[in-house]
Amino acid sequence: MIHKFKQGENFIVLDVESGAVHVVDELIFDILDIFNGENDAETCAKLSNKYNPAEISEALGELHQLIDAGELFAAHFQKLRLS
């Protein structure tokens, strides 16, 4: 589970299970309204009217790196790895 919030001009994401706190840009903040770790194409399609698709793809790659490191969507993907 994640919590997202904005503090002043900062966009902050907290992964509750891992305890990781991420200061992100607005693109990633918006991506996380849609992205669940497995729906890259849907996320890209829904945001391509606001952001450049290449930038979305790059941001999704960064998010997948956080998932692989256990710092984003930690509980969900930890269960998948164990099964």
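This is a predicted model: local features need pLDDT of at least 70, side-chain atom pairs count only at pLDDT 80 or more; totals for chains, interfaces and linings use all residues.

User: Why is Glu55 called partly exposed?

Analyst: Its relative accessible area is 43%. Buried means under 20%, and exposed means over 50%. Glu55 at 43% lies in between, so the label is partly exposed.

User: What makes the negative patch on the surface, and which residues gather there?

Analyst: Asp25, Glu26, Glu55, Glu58 and Glu62 gather there. A patch takes residues with over 30% relative accessible area and no salt bridge, with like charges joined within 9 Å. Glu55, at 43%, passes the area cut-off.

User: Which helix gives the largest share of the patch?

Analyst: Helix H3, residues 53–68, supplies three residues. Glu55 has its place in helix H3.

User: How do you know that strands S1 and S2 pair?

Analyst: Pairing needs at least two bridges. S1 (residues 2–7) and S2 (residues 10–15) are joined by six, so they pair. They run antiparallel.

User: What lies between S1 and S2?

Analyst: Two residues, and the strands form a hairpin. Gly8 in the turn has a positive phi of about 65°.

User: Why are S2 and S3 called a pair?

Analyst: Four bridges link S2 to S3 (residues 21–24) in the antiparallel sense. The cut-off is at least two, so the label holds. Val13 stands opposite His22 in S3.

User: How many residues lie between S2 and S3?

Analyst: Five, in a hairpin. Gly19 in that turn has a positive phi of about 80°.

Notes
Residues are numbered from 1 along each chain as its sequence is written. Side-chain values use heavy atoms; hydrogens and water are left out. Patches are made of residues with over 30% relative accessible area and no salt bridge: like charges are joined within 9 Å, nonpolar side chains (Val, Leu, Ile, Met, Phe, Trp, Tyr) within 5 Å. Accessible areas come from the Shrake-Rupley method with a 1.4 Å probe; for residues, only the protein chains shown count as cover. A salt bridge is a side-chain nitrogen of Lys or Arg within 4 Å of a carboxyl oxygen of Asp or Glu. Lys and Arg count as positive and Asp and Glu as negative; His and the chain ends are not counted. The place of a charge is taken as NZ of Lys, CZ of Arg, CG of Asp or CD of Glu. Buried means under 20% relative accessible area, exposed over 50%, partly exposed in between (1.4 Å probe, protein chains only).
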